[in-house]
Amino acid sequence: MNEFFLVTREEIWTGGPKKTLLEERLSHGAAREEAGIVAASDERDDELLALCNERIVSARELLPFLAGARVRIVVAARRAGAFTRTGVTMVLGIGQQAVVSTPLTAPADYERASRAASSKPKGEIDYRGIPIVWRGGSASVLLHEAAGHPAECGGAKAAKWPTWLSVHDEPEIEIDDSGNRCGIANLLAGEQPRAWRRASFSDLPLKRMSNVVVRQSNAPFELSPKRIEIDLVSAGHYDVLNDVVTIAVSAAELVDGRSRRTLAPFRIIETRACVAAALSGSEGEAIRYPGVVCSSEGQELVAGSHAPVVTTVFHD
Amino acid sequence: MTEIYRKEGRVVRYENGRTIAVLEAGEAVEDGALFRCGPSGASVTIPEIGRERVSGIANAIEQLVSHPLKLERLIVSEGVAKHSYGDVKWEERTLRVHAAVVFRALRVLIDLGDDDLADVREIASMFPRAGAERAAPSRLRLRPAVAAALLPSLVGVAPPNVTLMQSGGGLDGKGAAIVEQGIAAPPFPNWYRPSYRVRPVRMPLNLLLKSSVEHVRDDIPIAIALLAPPDGLTLRLLCADGRDVYPATVRVTRIESADEKVRWYPYGAGSFGAEMVL
């Protein structure tokens, strides 16, 4: 019999010295699979609950330093077979910006989101024909959608990716939510992620991305004097039926020589073939992007995201 | 004032070929601005729900949707829940069907709140004839499922020749009677609470459109299904005109008539769809 136990504690706060708790949720349960039928109930695992209680206390200690942010802390402790693990996610919302962080990275991500939230947009733009520089690991979201989701679905049309590009799902966990050993999947080659994941004890496990890593090897790289620089992305979507990728850019600047102006949020909507053809260059090592809350089949899961600086040019 | 809501429930869910049975009991506490929820620790007293009904519905849909159509997603669930809020206790049984059916680059979305599969049969027979995109016809009849999906978007903007109502009957998320009344703008009289894990919100429940003209002409093109969730008053629809079937995008600007025969669909906080002419 395959057994899975999960405890999650979620709290929503307004951060700052006068931190205020707005919402608090506890969830616990177990799922047992036998002969293809899953039976789930809200039974409690005290060891996992104790782990959650311990981890959420330390996450709360950051709240006084996150003034002006709406902070959602989610601590999850899970056991599949004999393997137990915990994870802490902090979603920081500041104005119109939101980033998915961890206690370790929250201070830097808070600064990044605050900076973006304080910039006043001074214009809209048609992104086509202008080189785009995806900074701070943000290209990982583009490739999460353009390479990751098609691989999850299986059977997507092949795209002509640049030879310098690689995109893998590299789970940082050893054992997945079904008790199986995890492995690396080559998403550009259409390999399905190897990790079975579930958002709650009452969800069926699905093969989902857990940590997308984009790399480049000997890629060309040229910085155009006029370019769009993307810093934060608020949402992404892949429509398997039409093979279309949508990226909602929430923080970007138009750079023209020495001048910089903040752009209003905009959407990039392109077929996957156009995304592949638009990838024009890359530079450096993979940089951690604040994670992605990925929603598929009604299950919201956090996926890690890493990418080097990447350039694209989408043509009309 | 501290408000406490408790719920215990059982659900059997068929999800793309796999089945899961869930039982749980939880409570939600609203204390001023603070909302807390979690398992209540109470024993679930609801008897087990058999898998036969959801499996039967799923199998029937899988047989109806055959080549050249593809069943992209199929979720069928049946649940029983016991609720309590203060001294008020009530019970409900629900059935939900969600399906996504694909033909070429088109996707039909189906949502049902009962086991009548007439809508699925019609879609399965007509969808394989779908041709190229056409302009929206000047007058269009909507099947009840399509009209039901539109109603939540009409709140506050319903044309003056029709009345958007909340249907009376049953209890809301705070155990209060759901009252029948016209729904024009907030504040709405009742609370919607789809789960103990979310804060209840004031919303119009079980919407119904009343028109002084109930005669629905049947000699004009008909929209049989949604091709995308409604985007405000813009609907992406699968339409049929005689034997011709085609996708079209319709902007709702007027409603000519609505039939009085209605069927409930799980859109928004519930919506009664009727045949309607735009």
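## Ground rules

Helices (H or I, at least four residues) and strands (E, at least two) are DSSP runs here, numbered from the N terminus. Please keep in mind that this is a predicted model, in which local features need pLDDT of at least 70 and side-chain atom pairs count only at pLDDT 80 or more, while totals for chains, interfaces and linings use all residues. Residues are numbered from 1 along each chain as its sequence is written, chains are lettered from A in the order in which they are written, and side-chain values use heavy atoms, with hydrogens and water left out.

## Chain A as a whole

Let's start with the overall picture. Chain A holds four helices and 18 strands. Its radius of gyration is 20 Å, close to the 20 Å that the globule rule gives for 316 residues, so chain A is as compact as a globular protein of that length. (The radius is taken over C-alpha atoms, and the rule is 2.2 Å times the number of residues to the power 0.38.) The C-alpha trace of chain A spans about 60 × 50 × 30 Å along its principal axes.

Of the 316 residues in chain A, 55% are buried; buried means under 20% relative accessible area, exposed over 50%, and partly exposed in between, with a 1.4 Å probe and protein chains only. Among contacts (heavy atoms within 4.5 Å) in chain A with a separation of 6 or more, 64% are between residues 24 or more positions apart.

## Salt bridges

Over all chains, the count comes to 48 salt bridges, each being a side-chain nitrogen of Lys or Arg within 4 Å of a carboxyl oxygen of Asp or Glu. One of them pairs Glu24(A) with Arg9(A), with the closest N and O atoms 3.8 Å apart. This pair links distant parts of the chain: Glu24(A) sits in strand β2 (residues 20–34) and Arg9(A) in strand β1 (residues 2–14), 15 residues apart. Both Glu24(A) and Arg9(A) are buried.

Which partner does Arg227(A) have in a salt bridge? The partner is Glu229(A), and the closest N and O atoms are 2.8 Å apart. Arg227(A) counts as buried at 10% relative accessibility, and Glu229(A) does too at 7%. In chain B, Arg143(B) bridges to Glu122(B) at 2.7 Å between the closest N and O atoms. Arg143(B) lies in the loop between β7 (141–142) and α3 (144–154) and Glu122(B) in helix α2 (residues 118–126), so the pair ties together parts of chain B that are 21 residues apart in sequence. A network of salt bridges also links Glu10(A), Glu23(A), Arg25(A), Arg72(A) and Arg199(B).

## Backbone details to check

Most residues other than glycine have a negative phi, and most peptide bonds are trans. Against that background, a cis peptide bond joins His67(B) and Pro68(B), with omega about 10°. Pro68(B) is in the loop between α1 (52–64) and β4 (70–85) of chain B. Another cis bond runs from Pro186(B) to Pro187(B), with omega near 5°, and Pro187(B) lies in the loop between β9 (181–182) and β10 (191–192) of chain B.

Two asparagines have a positive phi. For Asn218(A) the value is near 55°; Asn218(A) lies in the loop between β12 (211–216) and β13 (226–239) of chain A and counts as exposed at 76% relative accessibility. For Asn16(B) phi is near 50°; Asn16(B) is in the loop between β1 and β2 (18–31) of chain B and is partly exposed, with a relative accessible area of 39%.
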